[in-house]
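Reader: Before I rely on any label attached to a structure, I would like to know what each label rests on. Could you take me through them one after another?

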2 protein chains.
Amino acid sequence: MPPPPDPAVLHGMPLFAGLEADALGDVVGQARSRLVPRGTAVFSQGEPAAAGHALIDGRVKIVQTGPDGQQVVLRFIGPGEMFGTLAIFTDGVYPADAVTVADCVELSWPAAAMTALMERHPAIARNALAIVGGRLREVQNRLREVSTERVERRIAHALLRLVRQAGRRVDAGVEINFPLSRQDVAEMTGSTLHTVSRTLSAWEAQGIVESGRQQVVIRKPHALVAIAEDLPAADRP
Amino acid sequence: MPPPPDPAVLHGMPLFAGLEADALGDVVGQARSRLVPRGTAVFSQGEPAAAGHALIDGRVKIVQTGPDGQQVVLRFIGPGEMFGTLAIFTDGVYPADAVTVADCVELSWPAAAMTALMERHPAIARNALAIVGGRLREVQNRLREVSTERVERRIAHALLRLVRQAGRRVDAGVEINFPLSRQDVAEMTGSTLHTVSRTLSAWEAQGIVESGRQQVVIRKPHALVAIAEDLPAADRP
DNA sequence: GCGGGAATTTGATGCCGGACAAAGCGGGGT
DNA sequence: ACCCCGCTTTGTCCGGCATCAAATTCCCGC
């Protein structure tokens, strides 16, 4: 028997923005909450989409695997974000794996409940459309990025995105808030962990970042922006 | 004064699937039709999204331009498809250029009319969600492709997608139904027109394709599939 | 028929970044 | 506390593909 979710957790979830209090109660009433330890799959690519998910706490990595086993990290999910929901409204099959990279708490709604909720509360459908639209836009930008920019700039962009999404101010600069391996960065940028390692080492030598095991701190965000935007910026001998 | 659209044109448009006859009438009543000659921009990246569009006849290329002028072809639009609609429901700015690659007839709905229609007919919102979801999935697949596969396979995939979307049986094989330059293919695959030219030449030597000026005919689709899927297939000395 | 220009082809060159190899480092489990 | 395994680093090598540079073909308007 899952612990009963608290309606307050829905606050700040864009999917349920603008709903009346009783509607929120309706939504929460259908949800199940669950604890998922680090390194576990919430769902797997190819499975029938049994439920929509929302992350309350922790961090989830969405990974797509190609026919020959090549993997691509599509996105990271933070608290308050939905994931695996779209499959319910398209072909009913999860298009990627969702793996926890930290201990997580998630809410989930069975597919049938999800469609019924959307039926009952049209605002949810409108919100969903805006969210998915924004996501489409992001992915299109990444497509352009991977298609036309070189590795160093792609890595810079990827780190900046992560900072925006999960950056935490710390005395040495800005830290990315969850365990992140070079392999992960490679799979986000269409590169290899070797190249990522080299690049980070070079940046570390210039004092731009500090990186350790599954952990990255950006010391000079502006320098990273300069690399990402190809401003000549500070070129040193 | 634009010519009055015929309600029949909406048939087969997924966005309006499942609507009653009178609802379709409502939709058509709000639309304006327009003729757009080849090589013209229907809308441009960065413009405020004044309207949603549907293509009745012809072919439109959706191109995104990066900060340094690098271009990526996001998709080609054929008759019956919507385009430039999503911007209305997200940030209200077109995220890419839409350029006609043939003489076109398009329908358009002013942004305000579009949102009102969706308000009046909830089925449209549901349809839109499914459509956008499908599109997101496609783009994610292309992202994986560009990130992990090599140029030859990407070109093969791109051609196969085009065949599926705009293939026409012809005595020599299957022809892609609209003018398509090497530059276009390059911008679809994150490559250069030089590499595309070389690749097509090689395939032509093997009798897999026949290609001329802005025109491609696939003679052996199965061979292209073999390349795309990396089946060893027919390897010759 | 004749330019003019765009699309395409082909060659030569070089470099980015992927493949392989091997060693160091840390962490977590027992 | 120890061991073992996975993450990381660093070096070398090499190949695919972008880049630079012309030459050629073909379409189209005049």
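Author: Let us begin with the record: UniProt positions are given in the numbering used here, and its annotations may be inferred rather than shown by experiment. With that caution, UniProt lists "domain: Cyclic nucleotide-binding", from an unreviewed entry, for residues 15–104 of chain A. The model itself is predicted.

Reader: What makes up residues 15–104 of chain A, in helix and strand, and how far apart are the end C-alpha atoms?

Author: The span is 14% helix and 39% strand, and its end C-alpha atoms lie 20 Å apart. A further annotation from an unreviewed UniProt entry, "domain: HTH crp-type", covers residues 149–222 of chain A. For residues 149–222 the make-up is 53% helix and 22% strand, with 19 Å between the end C-alpha atoms.

Reader: Which domains does the domain assignment give for chain A?

Author: The assignment gives domain 1 as 7–146 and domain 2 as 150–229. Taken over C-alpha atoms, the centres of domain 1 and domain 2 of chain A are separated by 26 Å.

Reader: How do you know which residues bring domain 1 and domain 2 of chain A into contact, and how many does each contribute?

Author: Two residues count as being in contact if their C-beta atoms, placed from the backbone, lie within 7 Å, and the contact takes 10 residues from domain 1 of chain A and 10 residues from domain 2 of chain A. On the side of domain 1 that touches domain 2, the elements giving two or more residues are β5 (71–77) and α4 (122–148) of chain A, and β5(A) gives the most, with four residues. By class, that side of domain 1 divides into six nonpolar, two polar and two charged residues.

Reader: Why are α5(A) and α6(A) called roughly perpendicular to each other?

Author: The two helices pack at an angle of about 110 degrees, with their axes 9 Å apart. Angles of 65 to 115 degrees count as roughly perpendicular, and α5(A) and α6(A) are therefore roughly perpendicular to each other. Where they meet, A:V151, A:R154, A:I155 and A:A158 belong to α5(A), while A:V185, A:M188 and A:T189 belong to α6(A). The residues of this contact divide into five nonpolar, one polar and one charged.

Reader: What makes a residue count as near a DNA strand, and which residues come nearest to DNA strand C?

Author: A residue is near a strand if its C-beta atom, placed from the backbone, lies within 6 Å of it. Of the 20 residues around DNA strand C, A:R150, A:V151, B:S181, B:S197 and B:S201 come nearest. The largest share of this surface, six residues, comes from α7(B), and by class the surface has three nonpolar, 11 polar and six charged residues.

Reader: Which residues are the closest to DNA strand D, and how many surround it?

Author: DNA strand D is surrounded by 20 residues, the closest being A:S181, A:S197, A:S201, B:R150 and B:T195. At least two residues each are supplied by α6 (182–189) and α7 of chain A and by α5 (151–166) and α7 of chain B, with α7(A) giving the most, six residues. The surface near DNA strand D divides into three nonpolar, 11 polar and six charged residues.

Methods. Residues numbered from 1 in each chain as written. Chains lettered and ligands numbered in written order. Predicted model: local features only at pLDDT ≥ 70, side-chain atom pairs only at ≥ 80, totals over all residues. Domains from an automatic or database assignment. Nonpolar A, V, L, I, M, F, W, Y, C, P; charged D, E, K, R; others polar. Axes fitted to C-alpha atoms, helices over the stretch in contact; angles between N-to-C directions. Parallel < 35°, antiparallel > 145°, perpendicular 65-115°, else oblique.
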